[in-house]
Amino acid sequence: MMTARLDDARAVAAVLGRLDEAGVRRLVEDADQTGIGIGGTTKTVRIGATTVFVKQLPVTDIEEADPRATKCQLPLPSFPTTE
C-alpha cells in the first residue's frame, strides 16, 4: 500500500515539476471547485490517475513583496519543543 502511495506521489511530483508558473496557474484555474470557506477555496484536480486536493490561500503583502521566498514570511509564534 505504501509503495503505491509513494509511486503516486512521485508521478504527481514529476508532472508538477515539469510545469512552469503559467502551467501551474492553468492547472489550479481548471481544477474542480469543492468549497469556499474563511480559509480559502478548495479544489480537486486529476493528475494522471491521482486526485489532488488544492487549497487556494490569499497571498499576504509580506509574501507578495518577496514572491520567490521559500520560508514562512509571517510572524508566527514559536512553540517550545520537547525532547
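In this predicted model, the side chains of Arg25 and Glu21 meet in a salt bridge, with N and O 3.9 Å apart (a side-chain nitrogen of Lys or Arg within 4 Å of a carboxyl oxygen of Asp or Glu). The two residues are separated by about one helical turn, because they stand 4 residues apart in helix α2 (helices are DSSP runs of H or I with at least four residues, strands runs of E with at least two, numbered from the N terminus). Glu21 counts as exposed at 52% relative accessibility (exposed is over 50% relative accessible area, buried under 20%, partly exposed in between, with a 1.4 Å probe and protein chains only).

Glu21 also forms a salt bridge with Arg68, the closest N and O atoms being 3.7 Å apart. Since Glu21 lies in helix α2 and Arg68 in the segment after α3 (61-65), this pair ties together parts that are 47 residues apart in sequence. Arg68 is exposed too, at 68% relative accessibility. Through shared partners, salt bridges join Glu21, Arg25 and Arg68 into one network.

The count of salt bridges comes to 3. Asp7 pairs with Arg10, their closest N and O atoms lying 3.7 Å apart. These residues are 3 apart in helix α1 (residues 2-17), about one helical turn. Asp7 is partly exposed, at 42% relative accessible area, while Arg10 is exposed, at 54%.

Residues are numbered from 1 along each chain as its sequence is written, and side-chain values use heavy atoms, leaving out hydrogens and water. Local features need pLDDT of at least 70 and side-chain atom pairs count only at pLDDT 80 or more, whereas totals for chains, interfaces and linings use all residues.
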